[in-house]
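Please keep the sequence and structure in view while reading.

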Amino acid sequence: MNKPKLAVIGNGMAGIRAIEELLKIAPDKYDITVFGAEPHPNYNRILLSPVLAGEQTMQDIVLNDWDWYRDNGIKLVTNKKIVNIHRTKRELTAESGETYSYDRLLIATGSNPFILPIPGANLPGVISYRDIADTEAMIDAAKHHKKAVVIGGGLLGLEAANGLKLRGMDVTVVHVMPWLMERQLDERAGKLLQASLEAKGIAFKIQANTEALIAGESGRVAALKFKSGEQIPAELVVMAVGIRPNAALAERSGIAVSARPGGIIVNDTMQTLTDPRIYAVGECVNHRGIAYGLVAPLFEMAKVCANHLAEYGIGRYVGSVTSTKLKVTGVDLFSAGNFQGDEATEDIVLSDPIGGVYKRLVIKDDKLVGACLYGDTVDGSWYFKLLREGKNIAEIRDQLMFGESNIGDVGHEGNTRAAAMKDSDEVCGCNGVCKGAITKAIKEKGLFTLDEVRKHTKASSSCGSCTGLVEQILMFTAGGDYSATPKMKPMCGCTDHTHQDARDAIKASKLLSVPDVMKFLDWRTPNGCATCRPALNYYLLSTWPKECIDDPQSRFINERAHANIQKDGTFSVIPRMWGGETTADELRRIANAVDKYKIPTVKVTGGQRIDLLGVKKEDLPNVWKDIGMPSGHAYAKALRTVKTCVGSEWCRFGTQDSTQMGKDLEQAMWRMYAPHKVKFAVSGCPRNCAEAGIKDVGVIGVDSGWELYVAGNGGIKTEVAQFFVKVKTSEEVLEYTGAFMQLYREEGWYLERTVHYVSRVGLDYVKKRVLEDAENRKALWERLQFSLDGEPDPWFEFDKARVDTRQFIPIKPSAAMADAVPAE
């Protein structure tokens, strides 16, 4: 028996949420076809701003990937615009002329951006901000143009301005109202937000009316003209002045549409008034005279709609009491109800401009009727609950401003806000997820991580403002299992994966870039942090040399500048001196550079090298060039020094030529990056003048050859190196040292010294891999040599070493900045 056909026009968040809800209760009810005008699967429009800002990619914000449609038997037709609905035939007509039949139809066409009807609105360079195509257009414009103007100081406009600023553009926001986000914030909060954004370099024109957009010689927009006559340059204009329900298709097809505020008119079961076989949800809808633009109401509609498509016949959508909880350019905001207040209300206000916190609670007849929070929104959902339930707050009025944790016993005796919540209390407003749904999923599915909760409940998967509360519920529900789940410490807060997990994945799946690793391992934050990015970059370099994509921006500042930054912002330069040996010519070049660049301090280091301290960043390339000596890598997680004594060539006690051995070791491995800094030492006799006993690899000459010691450390906690092996020849010293180093390079965790690596895996394990397995030892040594072959000197081979030379160009103050300096 053929299943009835359900067609969905619109592949956005509301329509697909309705399908998700339908699949939960009636997965085999329909043959489902989804028509999307864009070329993408369903993605999270709320997260377009992080994509514009470069914090996420398109793939990161996909909610339902291609596999989801296939796995659920849904036919997704992308790049397909439906232009007509023939209700009598139950047939859809596409712009291409193709027709599709249906038994039930769901319209979820969303909304269209409002474009100001002013001269020049159609010029090239004038765009809206509504979808991925708009976002990509802005990203491309930022690469070629400098001046951007955003018309509209609402949420989307400010996020666009922030993203364009982060992309390097000069941004001005034009807003016609007296303060920003006037629909979500009162005047005080709006002014605080403006000050915060101005501190980030965004300019504002408040209460400014745009009269026209003016073209330049190329025909592209070049300026914006105000009604006052003033003009400002504008090579990119983003219109973010609101949205209108996209009901044109319905109207053409004879379906009832509201004139104001627009939208397809639906009843409480989400059926259109004109045709009960046709349903509508989302921003294209007008329900009881209201068109909603927030996510939570759309998802409430979707749930009711799915219930009736499944023919359960229960559930009514009676409208939504909305609150707004947002993060605008890193600032948390919340508002609900009558947050502006009026003559019949009274306010409780907390204002801390220096601390970046503002709270306004509006009370009427001993009930909370409105709230506006800036900077600290942790109690937003609690205030919203009080407002929605109309509770009398007379008894808690004195503590109301200080939040739920200060009421009664909540927050004491080990209780948390999560513990005090009822199962029916809402946690995630975006996705309509209550505490009970989260605790049920945690218990029934054995969830222990935030990512698992997001996957199964969608809580915290949209704007992310409820993440802390979801984690509290997870900790409260999972109890000891929550903290006991990680068998090893995660790399950082961006992931639950350990260093070993990352290493294993890179090797097993041949991952070749930092983004590849983060995507493969479902990194919690798309761009990582200063802890995980350098580690992942190193793991890639040590696992897939010459194949992986090195990311210089994932290195610490010292490794990007190839010099050690000092506390005053200058740098130190330490050239390499093979085995601590130098020449008169090298010393002259060093002295000349010191004089020429007025380097204030010259110091002999404990590693038998010379340190030039106080070098200006812009002078670094020229200092390197004038000295003409290889990089000493004193700034890097690499081989730093090979300390030697004079050995048998000069010392009457020396039994072996330690200086030459040290030079051979250093010249063989000087370009070797490692999990942490590495230091060698070679002594010519057991008197051990080179202090080989506290080095990562220590070599001591004896009458019959060389003794090798490993895993020493002369740092805060001195660790004596352990005896490793005795060999006869200098070639064996190179092979055994190189094999040990390569094993450490391949298996050590980032920022793990050799002493800690050997302590973790055991010296017996190292001996088994290097000493007892000759074939493996030779393979390790060969892999190290392969890695180092052709490795560039970053002081001289800028392009090959991917050194960004722009960092050495001093920033000169602009004329505008100079004009801004007050006269004395």
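## A pair of packed helices

H22 covers residues 658–669 and H23 residues 730–747; the packing angle is about 40 degrees and the axes are 10 Å apart. The contact involves Met661, Asp664, Leu665, Ala668 and Met669 on H22, and Ser730, Val733, Leu734, Thr737, Gly738 and Met741 on H23. Contact means heavy atoms within 4.5 Å.

Axes are lines fitted to C-alpha atoms, for helices over the stretch in contact, and angles run from 0 to 180 degrees between N-to-C directions. Helices (H or I, at least four residues) and strands (E, at least two) are DSSP runs, numbered from the N terminus.

## Basis of the values

Residues are numbered from 1 along each chain as its sequence is written. The model is predicted, so local features need pLDDT of at least 70 and side-chain atom pairs count only at pLDDT 80 or more, while totals for chains, interfaces and linings use all residues; side-chain values use heavy atoms, with hydrogens and water left out.

## Helix H8

H8 runs over residues 295–309, and its 15 residues should span 21 Å at 1.5 Å a residue, which agrees with end C-alpha atoms 21 Å apart. The expected span is 1.5 Å times one less than the number of residues. Twelve of the 15 residues are buried, so H8 is largely enclosed by the rest of the structure. Buried means under 20% relative accessible area, exposed over 50%, and partly exposed in between (1.4 Å probe, protein chains only).

The buried residues of H8 include Val295, Leu298, Phe299, Met301 and Leu309. The buried residues pack against strand S1 (5–9), helix H1 (13–25), strand S7 (104–107), strand S19 (278–280) and strand S20 (285–287). After H8 comes Glu311, with a positive phi near 65 degrees.

## Met13

Met13 is part of helix H1. Met13 is buried, its relative accessible area being 13%. Apart from neighbours within four places in sequence, Met13 contacts Asn42, Tyr43, Asn44, Arg45, Ile46, Leu63, Val295 and Phe299. Between Met13 and Glu136 there are 123 residues of sequence separation and 20 Å in space, C-alpha to C-alpha.

## Positive phi in two loops

Most residues other than glycine have a negative phi. Arg90, which is not a glycine, has a positive phi of about 50 degrees. Arg90 sits in the loop between strand S4 (82–86) and strand S5 (91–94), and is partly exposed at 27% relative accessible area.

Asn688 also has a positive phi, near 60 degrees. Its loop lies between strand S33 (678–683) and strand S34 (697–702).

## The whole chain

The protein chain has 27 helices and 36 strands, and 51% of its 824 residues are buried. Its C-alpha atoms fill a box of roughly 105 × 75 × 65 Å along the principal axes. Of the contacts between residues at least 6 apart in sequence, 61% join residues at least 24 apart.

The chain is divided into domain 1 (5–111 + 245–309), domain 2 (126–241), domain 3 (409–487), domain 4 (499–544), domain 5 (556–636 + 796–824) and domain 6 (637–791). These bounds come from an automatic or database domain assignment. The centres of domain 2 and domain 6, taken over C-alpha atoms, are 59 Å apart.
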